[in-house]
Amino acid sequence: MFQNFFHLTKRFWFSLKPQELSEKDLNWVRSHLSESEFAYWEKLSTADKDHSFRVAKQAESEIGEQGKEFMAAALLHDIGKLESRFTTFGKVFATLWCLFFPFRKMEKWEERTKGLRRRLIDYAKHPELGAELLKGIDSKQQTIAWVLEHHSEREKWETPKEIAEILSSSDKE
Ligand SMILES: [Fe+2]
Ligand SMILES: [Fe+2]
């Protein structure tokens with residue numbers, strides 16, 4: 001948990017001064033996504049775009065061109081966060097909340113259609129929401145699988161282990 005906490009703290013400081021990606025970086029992102037995937041990716045906050053770019057860049061040298069669908073997974077793994085629409089501070093609050101408050105206790109809020117609890121549950125469910133969103137467009141099965149399982153335990157991964165390890169450790173950088 002402390003390693004996770006350290007990672008989140010680092011993410012928080014990065015998200016306070018998110019970098020707008022250069023035209024060259026945006027073209028690099030575009031080249032790894034379909035048109036409709038890119039249209040959703042563009043809606044992410046500057047901090048989330050920056051994070052997804054870093055994760056994908058980190059994974060690139062090991063996954064490379066042979067795994068275009070896994071590069072898309074690296075770029076889109078947090079796309080479900082579009083649903084909860086938190087600001088940077090809201091995301092920190094939501095992340096800490098999810099870290100200390102078991103999801104099963106939140107399940108009773110499932111019925112809610114609006115408000116903070118609805119947004120918290122959407123945030124906690126961002127893997128499922130992201131996978132659903134990608135199923136509705138032209139994403140590859142391998143991309144959807146990683147988006148869905150990127151916070152699951154290793155034993156439950158369907159993504160080939162060596163690829164999943166790279167994607168997971170890039171997400172923690
Ligand atoms: Fe995530
Ligand atoms: Fe992430």
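Which residues are buried in α10? In this predicted model, the buried residues of α10 are Thr143, Ile144, Ala145, Trp146, Val147, Leu148 and Glu149. The helix is thus mostly covered, with seven of its nine residues buried. The elements that cover these buried residues include α5, α9 and α11.

The overall fold is described next. The chain contains 11 helices and zero strands. Along the sequence, the pattern reads α-α-α-α-α-α-α-α-α-α-α. Of the 173 residues in the chain, 31% are buried. Contacts between residues at least 6 apart in sequence were also examined, and 68% of them join residues at least 24 apart.

Helix α5 spans residues 68–76. Seven of its nine residues are buried, so α5 is largely enclosed by the rest of the structure. The buried residues are Phe70, Met71, Ala72, Ala73, Ala74, Leu75 and Leu76. The cover over them includes α2 (23–31), α3 (35–41) and α4 (46–63), as well as α9 (126–135), α10 (141–149) and α11 (161–171).

The largest nonpolar core has 29 residues. Within this core, the residues with the most contacts are Phe70, Ala73, Ala74, Leu75, Leu76, Val147 and Leu167. At least two core residues are supplied by each of α4, α5, α9, α10 and α11. The largest share comes from α5, which provides seven residues. One of the residues with the most contacts in the core is Ala74. Apart from residues up to four places away in sequence, Ala74 touches Val55, Ala56, Ala59, Leu167 and Ser170.

Two packed helices are described by the angle between their axes and the distance between the axes.

For α4 and α5, the axes come within 7 Å and cross at roughly 155°. An angle over 145 degrees counts as roughly antiparallel, and α4 and α5 are therefore roughly antiparallel to each other. The crossing in which α4 passes α5 is right-handed. On the α4 side, the contact is formed by Ser52, Val55, Ala56, Ala59, Glu60 and Ile63, which meet Phe70, Met71, Ala74 and Leu75 of α5. By class, this contact of α4 with α5 has eight nonpolar residues, one polar residue and one charged residue.

For α5 and α11, the axes come within 11 Å and cross at roughly 25°. This makes α5 roughly parallel to α11. Here α5 passes α11 in a right-handed crossing. Phe70, Ala73 and Ala74 of α5 meet Ile163, Leu167 and Ser170 of α11. The residues of this contact comprise five nonpolar, one polar and no charged. An α-helix has 3.6 residues a turn, so residues three or four places apart point the same way.

For α9 and α10, the packing angle is about 160° and the axes are 7 Å apart. This makes α9 roughly antiparallel to α10. The crossing of α9 and α10 is left-handed. In α9, the residues that take part are Pro127, Glu128, Gly130, Ala131, Leu134 and Lys135; their partners in α10 are Thr143, Ile144, Val147, Leu148 and Glu149. The contact of α9 with α10 divides into six nonpolar, two polar and three charged residues. Val147, one of the α10 residues in this contact, is also among the residues with the most contacts in the largest nonpolar core.

Glu37 lies in helix α3. A residue counts as buried if 20 or more other C-beta atoms lie within 10 Å of its own. Glu37 is counted as buried because it has 23 C-beta neighbours inside 10 Å. Leaving aside neighbours within four places in sequence, Glu37 is in contact with Ala72, Leu76, Ile137 and Ser139. Of these, Ala72 and Leu76 are among the buried residues of α5. Glu37 and Leu134 are 97 residues apart in sequence, while their C-alpha atoms are 7.6 Å apart in space. Leu134 belongs to α9 and is one of the residues that meet α10.

Definitions and conventions: Residues numbered from 1 in each chain as written. Chains lettered and ligands numbered in written order. Predicted model: local features only at pLDDT ≥ 70, side-chain atom pairs only at ≥ 80, totals over all residues. Buried ≥ 20, exposed ≤ 12 C-beta atoms within 10 Å, placed from the backbone. Helix = DSSP H or I, 4+ residues; strand = E, 2+ residues; numbered from the N terminus. Contact = placed C-beta atoms within 7 Å. Core = buried A, V, L, I, M, F, W, Y, C linked by C-beta atoms within 7 Å. Axes fitted to C-alpha atoms, helices over the stretch in contact; angles between N-to-C directions. Parallel < 35°, antiparallel > 145°, perpendicular 65-115°, else oblique. Left-handed = near helix turned anticlockwise from the far one by under 90°. Nonpolar A, V, L, I, M, F, W, Y, C, P; charged D, E, K, R; others polar.
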